[in-house]
Amino acid sequence: MNDKQGQVTKAAIEVHSNEQECQDIKTKTEKLSGLLRQAARSSNDLYERPTCQIIDDTEQVLDKALTLIFKCANGLRRIFTITPVAAFRKTSQQLENSIGDVSWLLRVSTPADDGDNEYLGLPPRAANEPILCLIWEQITILCSGSIDERSDAAASLVSLACDNDRYGKLIIEEGGVIPLLKLAKEG
């Protein structure tokens, strides 16, 4: 994935059309690259389920950004290329969403040591599946929080499972049973 980020950055320097839009994509790609490097350094601490999905989605967004930038690069020598401004807006928004997703992943996977139980919010991908992201957050707290935080997270997950069978299945699919059993065994 790091290679794609480098290619976007390099190709953005060589653009001859839509320069401002390409610069915006380059800037967001560089920001995303920094977050991905940080995630790579923290890879042992990251919660595996959302990490895989977020990284897969981010890779697809970087592929789209690279394709769009290549359309504007000098090396293509196209006589006539039409690249709608909407394509730049869509790619730019997708990069923003990826930045938000990776930032959320870093925040939720590496909780603050100061004991501040700050609400982490939901990532942009939560627009499609907000309960899934809430489940991920609660499972992460269940695995790495203080005993009080873990108890609250367990209560939240149990409440979700009791409210809706689908949520119970999601908790099972996302690996929430083992940390729940571990907490029950400890307490």
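Is aspartate 101 buried or exposed? I looked this up before anything else. Aspartate 101 counts as buried, because its relative accessibility is 7% and the cut-off for buried is under 20%. I note that the model is predicted.

**Entry: aspartate 101.** I placed aspartate 101 in helix 4, which covers residues 85-109. I then listed its contacts, leaving out residues up to four places away in sequence. Aspartate 101 touches Ile54, Pro123, Pro124 and Arg125. One of these, Ile54, belongs to helix 3 and is itself buried.

**Entry: the fold as a whole.** I counted eight helices and zero strands in the protein. Along the sequence the pattern reads α-α-α-α-α-α-α-α. Of the 187 residues, 42% are buried. I also looked at contacts between residues at least 6 apart in sequence, and 71% of them join residues at least 24 apart.

**Entry: helix 3.** I checked the length of helix 3, residues 48-72. Its 25 residues should span 36 Å at 1.5 Å a residue, and the end C-alpha atoms are 36 Å apart, so the two values agree. I went on to its buried residues, which are Pro50, Thr51, Ile54, Thr58, Val61, Leu62, Ala65, Leu66, Leu68, Ile69 and Cys72.

**Entry: aspartate 45.** I found aspartate 45 in the loop between helix 2 (19-41) and helix 3. Setting aside neighbours within four places in sequence, I found aspartate 45 in contact with Ser109 and Thr110.

**Entry: helix 6 against helix 8.** I took helix 6 as residues 147-163 and helix 8 as residues 177-186; their axes come within 11 Å and cross at roughly 125°. That angle makes helix 6 oblique to helix 8. The crossing is left-handed. On the helix 6 side I listed Ile147, Arg150, Ser151 and Ala154, which meet Leu180, Leu183 and Glu186 of helix 8. By class, the residues of this contact are four nonpolar, one polar and two charged.

**Entry: helix 6 against helix 7.** I turned to the packing of helix 6 with helix 7, residues 165-173. The axes are 5 Å apart and the angle is about 135°. These two helices are therefore oblique to each other. Leu157, Leu160 and Ala161 of helix 6 meet Asp165, Tyr167, Gly168 and Ile171 of helix 7. I sorted the residues of this contact into five nonpolar, one polar and one charged.

**Entry: helix 5 against helix 7.** How do helix 5 and helix 7 cross, and at what angle? I found that the axis of helix 5 (residues 130-144) comes within 10 Å of the axis of helix 7, with a crossing of roughly 50°. Helix 5 is thus oblique to helix 7. I recorded this crossing as right-handed. The contact is made by Ile131, Leu132, Ile135 and Ile139 from helix 5, with Tyr167, Leu170 and Ile171 from helix 7. I counted seven nonpolar residues here, with no polar and no charged ones.

Entry: I compared the lists for helix 7. Tyr167 and Ile171 meet residues of helix 6, and Tyr167 and Ile171 also take part in the contact with helix 5.

Key. Residues are numbered from 1 along each chain as its sequence is written. This is a predicted model: local features need pLDDT of at least 70, side-chain atom pairs count only at pLDDT 80 or more; totals for chains, interfaces and linings use all residues. Side-chain values use heavy atoms; hydrogens and water are left out. Axes are lines fitted to C-alpha atoms, for helices over the stretch in contact, and angles run from 0 to 180 degrees between N-to-C directions. Helices (H or I, at least four residues) and strands (E, at least two) are DSSP runs, numbered from the N terminus. Angles under 35 degrees count as roughly parallel, over 145 as roughly antiparallel, 65 to 115 as roughly perpendicular and the rest as oblique. A crossing is left-handed if the near helix is turned anticlockwise from the far one by less than a right angle, and right-handed if clockwise. Contact means heavy atoms within 4.5 Å. Ala, Val, Leu, Ile, Met, Phe, Trp, Tyr, Cys and Pro count as nonpolar, Asp, Glu, Lys and Arg as charged, and the others, Gly among them, as polar. The expected span of a helix is 1.5 Å times one less than its number of residues. Buried means under 20% relative accessible area, exposed over 50%, partly exposed in between (1.4 Å probe, protein chains only).
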